[in-house]
Amino acid sequence: MVPTKEQLQAIESCDPQYDNQFYYGVKSTKIFCKPSCKSRMPRIENIEIVEDVRELIKRGYRPCKRCRPTDEKLPDVEWIEQVNNYIDTHYQEKLTLFSIAEDMHSSPYHLHRKFKEIKGNTIHAFLKERRMQEAITLLQTTQLDIATIGQKVGIENSSQFVRDFKKFCGQTPLQYRKEVKDENY
Ligand SMILES: [Zn+2]
């Protein structure tokens with residue numbers, strides 16, 4: 001359900017009087033909360049309201065770790081999986097450890113530690129790898145210029161993109177593209 005004005009106000013002011021009356025899910029992160037949750041106010045178009053959380057869980061939503069809307073603790077492995085999916089679908093945006101932690105309703109310190117513990121890799125390395133894989137695909141399959149590819153993988157500064165790419169692949173993006181082309185002829 002689309003939120004009413006009253007419900008939006010309850011979410012914005014973290015009003016505990018509305019707890020148990022409704023829950024809200026955030027479409028971009030697939031997390032659901034109680035109205036009183038202290039997490040940052042999501043964008044309005046991302047909010048959906050339900051009275052019964054089972055409906056959200058069925059659709060792949062998971063309870064917020066901060067307000068625990070079902071009173072149960074979400075297992076860390078499931079939570080990190082959710083973080084993983086979030087990065088997979090949002091790597092084109094300007095993500096940082098802080099913004100990811102905020103969106104996943106946790107602290108940067110906790111997120112960093114749990115991610116490393118469960119994935120054996122830092123979140124930073126995971127994000128970079130995801131971006132570079134996409135850059136490789138774009139270099140192979142499109143004629144987009146280097147700056148545009150950098151932007152499409154979430155790195156606005158194109159010299160930064162070139163540096164990151166070189167570190168990852170051992171070649172600049174242009175060298176890489178040329179090599180792929182030469183191999184195909
Ligand atoms: Zn919450």
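**Ground rules.** I number residues from 1 along each chain as its sequence is written. Since the model is predicted, I take local features only at pLDDT of at least 70 and side-chain atom pairs only at pLDDT 80 or more, while totals for chains, interfaces and linings use all residues, and side-chain values use heavy atoms, with hydrogens and water left out.

**Overall fold.** I looked up the elements and found nine helices and four strands. Helices (H or I, at least four residues) and strands (E, at least two) are DSSP runs, numbered from the N terminus. From the N terminus I read the order α-β-β-β-α-β-α-α-α-α-α-α-α. The C-alpha atoms fill a box of roughly 65 × 35 × 25 Å along the principal axes. Of the 185 residues, 46% are buried. Buried means under 20% relative accessible area, exposed over 50%, and partly exposed in between, with a 1.4 Å probe and protein chains only.

**Helices α3 and α6.** I checked α3 (residues 76–90) against α6 (residues 123–141). Their axes come within 10 Å and cross at roughly 35°. Axes are lines fitted to C-alpha atoms, for helices over the stretch in contact, and angles run from 0 to 180 degrees between N-to-C directions. On the α3 side, I list Val83, Asn84, Ile87 and Asp88 as making the contact. From α6 come Ile123, Phe126, Leu127 and Arg130. Contact here means heavy atoms within 4.5 Å.

**Aromatic pairs.** I searched the whole structure and got four pairs. Rings of Phe, Tyr and Trp (its six-membered ring) pair if their centres lie within 6.5 Å; planes under 30 degrees apart count as stacked, over 60 as edge-to-face and the rest as tilted. Tyr18 and Phe22 are edge-to-face, 6.3 Å centre to centre with 65° between the planes. Tyr18 counts as buried at 17% relative accessibility, and Phe22 is buried at 3%.

Next I looked at Phe115 and Phe126. Their planes stand at 55° and their centres 5.6 Å apart, so I log the pair as tilted. Phe115 sits in α5 (residues 108–119) and Phe126 in α6, so the pair ties together parts eleven residues apart in sequence. Both Phe115 and Phe126 are buried. I also noted a cluster in which ring pairs link Phe161, Phe165 and Tyr176.

**Charge over a ring.** Last, I found Lys65 over the face of Trp79, 4.7 Å from the ring centre. The cut-off is NZ of Lys or CZ of Arg within 6 Å of the ring centre and within 35 degrees of the ring normal.
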